[in-house]
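Trainee: I would like to go through this model feature by feature. Please give the general idea each time, then the case at hand.

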Amino acid sequence: GMEVKHGGAPHVSNCTISLNKKSGVYVHHQGAGVFSNCQIADNSIYGFVARKSASAELHQSHISGHKQAGLYVSKSAQARTKVVDNTVADGHKKSGAGNALKASLKGTFKGSKLFKKDKKHRRRWTQ
């Protein structure tokens, strides 16, 4: 996966981040970055993580198939994290674990479609 910390601030676009042993994208400890038009799928923990004072932006990306939440934003990163026009699906189909989103919605969450699968049907939330 991709780890961004201590002042790192990449601009990542049009890429696939998948099949990693940990999270797909992990931004933390004053890391920043803009991620757009990415496919983030089937990673072993989370799809996209922003925590510990991160400043991350996620735009027009598709996140799905992780063992934990597709998107995790901690309290310390929520004010500086922007999530705009994404599709985020829940955790891994085989394990039955995970949620689309693990966060307090105090950051910027606009136009994203969040899907959570349960045993009988899919539900959709639009933020």
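Trainee: How far is the sulfur of cysteine 15 from the closest cysteine sulfur, and in which residue is that sulfur?

Mentor: In general, a disulfide is a covalent bond between the sulfur atoms of two cysteines. Here a disulfide is counted when a pair of cysteine sulfur atoms lies within 2.5 Å. The closest cysteine sulfur to that of cysteine 15 is in cysteine 38, at 3.1 Å, which is too far for a bond. A search of the whole structure finds 0 disulfides.

Trainee: Is cysteine 38 buried or exposed?

Mentor: Cysteine 38 is buried, at 0% relative accessibility. Buried means under 20% relative accessible area, exposed over 50%, and partly exposed in between, with a 1.4 Å probe and protein chains only.

Trainee: What kind of model is this, and how are residues numbered?

Mentor: It is a predicted model, in which local features need pLDDT of at least 70 and side-chain atom pairs count only at pLDDT 80 or more, while totals for chains, interfaces and linings use all residues. Residues are numbered from 1 along each chain as its sequence is written, and side-chain values use heavy atoms, with hydrogens and water left out.

Trainee: How many helices and strands does the protein have?

Mentor: The protein has 0 helices and 16 strands. Both are DSSP runs numbered from the N terminus: helices are H or I with at least four residues, strands E with at least two.

Trainee: What share of the residues counts as buried?

Mentor: Of the 127 residues, 42% count as buried. The protein exposes about 6,800 Å², of which carbon and sulfur atoms supply 47%; accessible areas come from the Shrake-Rupley method with a 1.4 Å probe, and for residues only the protein chains shown count as cover.

Trainee: Where does threonine 81 lie?

Mentor: Threonine 81 is in the loop between β10 (71-73) and β11, and is buried at a relative accessible area of 1%. A polar atom of the threonine 81 side chain lies 2.7 Å from the backbone oxygen of alanine 77.

Key: Polar contact = N/O pair within 3.5 Å; in protein donor to acceptor, adjacent residues only side chain to side chain.
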